[in-house]
Amino acid sequence: MPKNNPLLAGLRVVDLGLHPATALASMVLADFGAAVMTIPCDRIRNHPAAPLLLRGKQVLQAAAGVEYEQAASAADVLLTTLGPDDTAPRRKAHQILLNISGWGMKGAYARYPMCEGLVAAKSGRMALFEGQHERAGPAYAAVQVATFGAAQIAVQGILAALMNRARTGCGERVETSLLQGMIPYDTQGLARAQFESRYPHLLAPDPPAAKQHTLPYQPVQGQDGNWLQLGNLLDHLFRNYLKLTGLADVPPADIRDKPSAVWPGHATEQVRAAMLARMREHPAADWLAAFRKDGNVAAAPYQTTQQALDDTDLTLAGDVVDGRHPVLGAIRWLGPAAALEATPARVNATPAEHAAGDATFISPRQHIKDRAPLAGITVLEFASIIATPLGCSMLADLGARVIKIEPIGGDPGRRVGGAMASGLGAIKYNVGKESICIELKSPRGREILDKLLPQADLIAHNFRPGVPDKLGFGYERARGFNPKVVWLSANGYGPDSPGAQRPCSHPIAGAQCGGALHQAGVGMPSEGAADIATLTEAARRLMRANEVNPDPNTSMLVATGAMLGLFAAERLGIGQRIHVNMMRANLYANFDDAVRYRDKPNRMKVDADLYGLHALHRLYRCAEGWVFLAIEGDAQFNALCQVMGLATLAQDARFRDVQMRLTHDAVLAAQLSTAFLTASADTWETRLGGAGIGCVRADGGVAGDFWLRDAHVDANGFTRECSHLRYGPYLRHAPVLDFAESHTHCVAGTLAGQHTDALLREVGYDAAAIAQLRQDKVVGSESLEPWSTHHENAAGG
């Protein structure tokens with residue numbers, strides 16, 4: 001490839017998809033230099049984010065003509081959104097066809113419309129928001145995580161298939177779906193649904209709607225009515241917040257030195273009230289300035305995605321960039337998905353001119369027989385909690401050997417949630433890995449690290465800048481062991497951001513990037529002065545809106561950034577630093593509003609009751625249960641009226657077209673509300689879904705119930721049985737990509753230090769040396785007791 005060409009120069013992509021998921025995926029490929037041709041449907045052309053979704057691409061009007069035929073024939077990659085009854089374009093032997101369906105290609109829902117809202121409702125995502133509003137029933141899920149997730153999974157699948165093509169010379173068909181795009185966001189549900197019956201004394205059903213949030217994640221209102229989100233999950237950060245705000249003496253003396261997660265309820269509420277009252281004494285901006293000056297309090301403003309486009313934490317980091325559109329003029333939009341130092345993206349509104357390149361190359365892993373895309377790749381993970389560990393688990397599913405290096409006590413994320421929930425998330429975030437616990441601050445721990453570093457093709461971490469150097473795995477030191485190492489840093493903020501050294505956690509990104517306010521709905525948060533009880537309820541609703549998705553959102557870009565780096569290492573023979581951050585990831589998840597140009601339509605807001613966006617895209621109560629309805633265009637509206645026996649609505653002039661229906665939205669919603677009350681949710685799904693109309697039951701259970709019990713999941717193989725060392729046989733989510741020729745790995749989660757002894761033996765330590773290292777607490781592992789015994793002992797200690 002000619003010098004200074006972009007990473008994907010020479011790669012030819014034809015995007016035939018009819019959904020924003022493929023458009024977002026091909027945008028990432030175009031940013032990194034692929035020549036992308038697309039034939040956008042009306043859904044893409046009319047999308048408020050259309051300039052973003054079409055960024056850097058050649059646009060054709062139809063999938064026909066000489067230019068299209070030549071492009072399709074020469075393409076390396078074809079992107080499609082085929083269902084089970086659709087005919088796939090003819091694929092040549094060298095070509096990769098990446099298909100994103102709505103629901104998977106088998107099962108009862110395979111022919112349902114491909115729609116984010118329908119997938120979110122059916123898979124239990126909307127049921128998880130029950131309790132955000134005072135009314136009963138599910139609540140609309142606003143942030144389009146399935147679309148974002150499927151798009152990033154598609155990018156990862158394309159790069160994986162290209163790497164396999166370099167080994168075999170052959171392309172293949174690769175499948176994923178919007179429904180599989182939801183899998184990373186079920187962080188504990190599937191495990192909880194299984195283990196509640198095994199360990200009822202430890203995991204009694206406890207609906208999320210009934211819970212008050214933890215103190216470290218408290219939303220607070222300033223004197224000026226503006227709200228801040230706190231995100232001090234780690235105990236030392238929360239204590240620092242209490243100290244800085246003059247509240248250190250508020251917790252009762254007998255519990256003051258204990259983690260806030262174990263404080264009794266009355267003490268928790270006493271501290272919560274004091275926090276809310278204290279924060280009302282000064283404007284939010286003044287508090288934020290004080291927290292940022294201190295540097296060890298995680299806090300951020302609640303703001304919209306449009307406001308985030310002007311936030312210097314994002315603009316100075318390159319998360320947001322300015323450009324020039326040939327028609328719209330000045331434009332501000334998302335930066336590239338990841339910052340690669342040696343092979344950076346080049347964001348252009350129109351297709352960039354690159355020197356001719358060849359997308360083929362010879363893989364250095366040709367001798368490896370395992371057909372998993374990342375077979376022969378070794379990853380060293382130095383990461384905790386959710387975002388980076390979950391991203392690395394996706395690499396393990398693709399066949400990489402992932403060695404998780406944890407502190408002696410294990411990844412703190414294994415203990416988040418208290419004794420009863422401890423371990424549930426860690427099962428998912430650590431699937432397919434080997435784990436070793438090392439005290440990296442000790443000389444002998446450093447010796448062990450130095451024996452592992454030469455094996456690393458990729459190092460992934462989520463420490464703040466400077467910490468990796470202190471612990472011995474900084475980039476310059478790591479490349480001394482392997483000059484081609486890919487070194488990925490995943491932080492809250494980008495390295496050039498004013499927030500680079502500040503702590504961050506998922507609710508910070510949710511508030512700062514606009515997702516939480518979008519989910520909160522019209523009228524939230526309140527701005528006027530209020531008593532503590534009113535503030536407590538408003539804060540509860542805000543935090544229920546500020547869901548956990550910012551962590552999995554970041555995981556998606558961790559995996560994409562890693563795949564781009566590994567692709568560059570194989571194609572060009574180079575290593576490099578890569579930066580991924582939580583702010584950028586969550587702007588990507590809010591892609592539908594992460595662009596600004598002249599006369600851009602406003603983002604449609606969620607109604608105050610959290611039903612949805614408008615009468616034809618919202619939740620409805622039925623005679624029994626709830627449904628979610630999703631209708632696009634006149635033809636679907638007319639079909640809906642016919643099946644529901646509402647012919648008068650179809651003939652009513654107020655509802656003759658999309659704009660008129662929006663103008664008279666409240667009237668239409670009232671009519672449909674009355675109609676849906678005449679039958680059960682299941683009946684309506686059968687009648688309307690059977691006619692190809694977007695309508696599904698929305699209260700069939702939370703996500704864990706869906707993944708465990710729904711026959712559609714089984715039909716598509718979206719869960720698989722594994723055996724965990726402590727928990728025994730259980731179902732885990734299957735890998736999110738299905739390869740026609742290659743294969744994925746599906747291995748259980750790992751315990752902290754489960755492979756400590758085996759890895760030490762591998763690098764030359766004998767039994768006596770290992771025993772001494774354990775005795776001296778240079779290495780370790782967690783208990784391998786059965787779960788019930790393990791937690792009883794932990795609670796007693």
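Modeller: Start with the packing site. Helix H11 (residues 265-279) packs on helix H23 (residues 532-545) at an angle of about 100°, and their axes are 10 Å apart. That makes H11 roughly perpendicular to H23 (65 to 115 degrees). Axes are fitted to C-alpha atoms over the stretch in contact, and angles run from 0 to 180 degrees between N-to-C directions. Helices are DSSP runs (H or I) of at least four residues, strands (E) of at least two, numbered from the N terminus. H11 brings Arg272, Ala273, Leu276 and Ala277 to the contact, and H23 brings Ile532, Leu535 and Thr536 (heavy atoms within 4.5 Å). Five of the contact residues are nonpolar, one is polar and one is charged. Asp, Glu, Lys and Arg count as charged; Ala, Val, Leu, Ile, Met, Phe, Trp, Tyr, Cys and Pro as nonpolar; the others as polar.

A word on the basis. This is a predicted model, with pLDDT of at least 70 needed for local features and 80 or more for side-chain atom pairs, while totals for chains, interfaces and linings use all residues. Numbering runs from 1 along each chain as its sequence is written, and side-chain values use heavy atoms, without hydrogens and water.

A cavity is a set of points on a 1 Å grid where a 1.4 Å probe fits but cannot get out; lining residues have an atom within 4 Å of a point. Volume is the space filled by probe spheres on the points.

The largest cavity holds about 300 Å³. Its lining has 27 residues, and Ile183, Asp397, Lys428, Arg732 and His733 lie nearest the centre. Helices H9 (189-198), H15 (387-397) and H17 (424-429) each supply at least two lining residues, as does strand S25 (728-733). The lining of the largest cavity splits into 16 nonpolar, seven polar and four charged residues.

The second largest cavity holds about 60 Å³. Here 13 residues form the lining, with Val143, Gly510, Gly515, Ala516 and Asn549 nearest the centre. Helices H21 (506-512), H22 (515-520) and H24 (550-572) each give at least two residues to this lining. Its classes are five nonpolar, seven polar and one charged.

Definitions and conventions: Parallel < 35°, antiparallel > 145°, perpendicular 65-115°, else oblique. 1 Å grid on protein atoms, 1.4 Å probe; cavity = no way out; pocket = protein on both sides within 12 Å on 5 of 7 lines; lining within 4 Å.
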